[in-house]
Amino acid sequence: MSKRYTLSELLIIAVAREIHDYENVVLGVGLPPTAGALAKALHAPNCVLMLESGVMDFEPLLQANHIADVMSFQGFSYSTDLFSAFTMTYRGFVDVCFLGVAQVDRFGNLNTTVIGDYAKPDLRLPGSGGAADFMSYAKKTVLTMRSGEFVKKLDYLTSPGYLEGGDSRDRSGRFPKGSGPSILLSTKGIFKFDPETKEMYLAQIHPGIQLADIQKDIPWELKIADNLVETEPPNDEEINFIRKFAPGESVGHSLMIELALKNIMGKIESRKQTKD
Amino acid sequence: MSKAIEKVTTAQEAISRLVQDGDHLIIGNYTLGACAELVFETVRQAKKNLTLYSQSGIFDVEVMVAAGLVDRLVSTYVLRSGGKSGGSAVERALKAGTLEMEDYTNFNYNARLTAGMHGFSFSPVFEGVMSTDLFKVRGFMGDDKYKVIDCPFTGKETLMVPAANPDVCIVHVQRADKYGNAQYWGAMGSVQAAALASKRIIVSCEEIVDHEVIRSSPHHTIIPAFRTDAVVEIPWCAHPTEVVGHYNLDKFAYGMFQMAAATEDGLKGWMDEWVYGCQDRAAYIDHYVEVFGNGSLDDLKAKPYYSAPANYGSAYTSAWDENGRERTMGVTLDELETIMEERGLFYE
C-alpha cells in the first residue's frame with residue numbers, strides 16, 4: 001500500500017511524467033515549476049529547465065513564486081533575455097512547454113484573457129503572457145487544468161491549439177508541423193487529441209473518478225478512448241518529493257494561507273508575551 | 001532534444017566531424033581572441049569550397065583564403081599587409097578569379113546574424129548605405145544582397161538584409177564546461193550572434209572549468225550547452241591575437257605574419273612553418289618557444305584584474321527551517337501530514 005496523496009499532488013506528478021530526459025522544457029507559472037523540479041530530481045536529470053524571463057538550466061530548490069524567481073535555486077547556466085527566449089522557441093530549441101488553462105475548447109484552443117465581453121468583462125484573467133508564443137512554437141504543449149472550464153466556444157482565443165481541428169493548424173502555415181497541444185491533464189483525468197480530427201478525447205481517468213464526473217464538465221459529447229485506462233497512481237518517492245519541495249502545493253492554497261496566518265499570529269502573540 | 005551531454009573533444013575530431021566541404025563557415029570572433037587553432041586545423045584538413053563569413057578579416061581569413069579553402073567570402077573588412085606595396089591573400093585570390101566577395105558594413109553584416117540568431121528571415125537596417133556602392137555593387141548574392149520595402153507603418157523606404165544562418169561556427173572563448181556552456185567577456189563584437197545564428201557550433205576555450213563556475217556566473221555565458229556541438233580546450237588558441245585575462249597581443253609574432261603575408265611566397269613559407277608544420281596548438285607553442293624562447297610567452301601572460309563577483313544568493317534554499325518547520329506554515333512535515341489527514345485532503 002503506497003502513501004496517500006492529494007488531488008493536487010496527483011496532478012503535479014502526472015505533469016512531471018510528461019518531462020523526459022534531455023528535453024528542453026519551458027515551465028509556465030503555477031504547478032509546472034514544481035513538476036519540473038520533480039522531473040529534474042527523479043527521472044529526467046539532464047532535462048534543461050527554462051523560464052521565459054531568460055533563465056536557462058537550473059535545479060529548483062524551492063517552489064517558484066513567479067516566472068522570474070531566480071532565488072528559488074542557486075545559479076543557472078545561461079542568462080539571456082525574454083526576447084531571445086521566445087526566438088529560441090521559434091527556432092525549434094524548445095521541446096515542450098507547459099501551460100495552465102482557464103477555458104479550453106474541444107480542439108485545445110485556450111483562453112486565458114477574459115470571461116465574458118472583452119471590453120466589459122465578467123472576469124478579467126491575466127492574458128497571454130508567454131502562452132500564445134510558446135503554444136505556437138514549442139514542439140509540443142502540455143496543458144494543465146486545476147480550476148478551468150471546458151467550453152463549446154471560447155470567449156477569447158488567447159493561444160492557438162488545433163484551431164478548427166483536422167489539419168487546420170498545419171494548413172495555416174504559421175506553426176511548426178506537428179506542434180500543438182499533446183495532452184491535457186486535469187484533476188479528474190488525462191485527455192489527448194485524435195491524430196486525424198484533433199478533437200480532444202479522454203485517454204486516462206484518475207483512480208476513484210467516475211466517468212460521469214468528467215462528462216458533466218464537458219458541454220459536448222466527449223469521445224473516450226477504446227482502451228480507457230486508469231492513471232497510474234503516484235509512488236512514494238514522487239509524493240515525498242512534492243511534499244518536501246512544495247508543501248504549499250500539497251496542502252492547497254486555502255489551507256496554506258490558513259496555517260500561515262496561524263503561524264504569523266502565533267509569532268506576534270509570543271512576542272507580546274515576552275514584552276509583557 | 002538536447003545533444004549528447006559531454007562534448008569535450010579535440011580540434012582534429014571536431015573539425016573532421018562538423019565541418020563539411022561546401023559549408024558556409026563563420027569565424028565567430030571579431031578582431032581579438034581569434035579561434036586560430038580551429039582555423040589552422042580546418043586548413044590542415046583541407047576543407048573545400050567554403051563560403052566564409054568573417055565580421056572583420058584578420059590573419060584567420062588570410063590563412064584560409066591562401067590555403068584555397070574559400071570560394072566565397074562575406075565580410076566588411078579585410079587585412080592588407082605592407083601597405084600599398086604589400087598585398088593580401090584575399091587580393092591575390094580576387095585577382096586570380098578564385099574568390100568572390102560580398103562586402104557589407106559592419107552593422108549590416110551583424111544585422112544578418114542577429115536576424116539569423118532570432119529566426120527572422122530578414123532584418124531592417126538603416127538607409128544611408130543605399131547611397132553607397134555597398135548597396136549598388138552586387139557580388140555573388142546579386143539581388144538578394146539588399147532589398148528595399150515600404151515600411152508598413154510609416155510608408156518610408158526601408159532597407160533590408162537577409163538573415164544569415166551559417167552551417168557551422170568556429171569560435172574561441174575564455175572558458176566553457178564539458179557540457180558546452182561557453183563563457184566569453186571583453187569586446188562582445190558579434191560573437192554571440194555568429195554562434196547562435198549557426199546550425200552547428202564548435203567552441204574552443206582557454207580552459208574547461210567545473211560546471212559550478214558556469215552556474216555561479218550565468219551572465220557570462222554566450223552559448224548555452226544545448227546549442228554547442230563540440231568543446232575543445234586549447235590554451236594559447238588565439239595566439240598571436242589576445243585573449244582578455246589570459247595573454248596580450250603578440251605584436252612581434254603578428255608583425256612577422258604581416259611581413260610574410262604581403263607576398264604569396266612569403267605567406268606560403270609562414271604557413272608551412274606555423275600551420276602545416278605544427279600538428280596542433282601544443283606543437284605550435286613548442287615551436288614558438290624553440291624559436292623565440294620561453295620569455296617571449298611569459299611576457300604576454302595577463303596579470304589578473306578580476307571583475308567583482310555577482311551575488312546570486314538567497315535567504316534560504318529549502319522550504320524547511322533549521323528546526324524542520326515549514327517556513328510559511330510553521331509546522332513540521334509530520335504535523336502537516338496529520339493536518340492533511342484531519343481535513344480529509346487525501347484522495348480516495
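Modeller: Two strands pair if DSSP finds at least two bridges between them. Strands (E, at least two residues) and helices (H or I, at least four) are DSSP runs, numbered from the N terminus. This is a predicted model, in which local features need pLDDT of at least 70 and side-chain atom pairs count only at pLDDT 80 or more, while totals for chains, interfaces and linings use all residues. Residues are numbered from 1 along each chain as its sequence is written, with chains lettered from A and ligands numbered from 1 in the order in which they are written.

Colleague: In which sense do strands β2 and β3 of chain A pair?

Modeller: Strand β2 of chain A covers residues 48–51 and strand β3 of chain A residues 55–56. Two bridges join them, and the sense is antiparallel.

Colleague: Which residue is the bridge partner of A:Leu51 in β3(A)?

Modeller: The pairing of β2 and β3 of chain A runs over 2 bridges. In β3(A), the partner of A:Leu51 is A:Val55.

Colleague: Which strands of chain A stand at the edges of the sheet?

Modeller: The open sheet has 10 strands in the order β4-β3-β2-β1-β5-β10-β12-β13-β14-β15 (chain A), with mixed pairing. Two of its strands have a single partner each, so one side of each is left without a neighbour in the sheet. These are β4 (78–79) and β15 (223–230) of chain A.

Colleague: How far apart do the C-alpha centres of domain 1 and domain 2 of chain B lie?

Modeller: By an automatic or database domain assignment, chain B is divided into domain 1 (11–100 + 165–298) and domain 2 (319–343). The C-alpha atoms of chain B fill a box of roughly 90 × 65 × 35 Å along the principal axes. The separation of the two domain centres of chain B is 58 Å.
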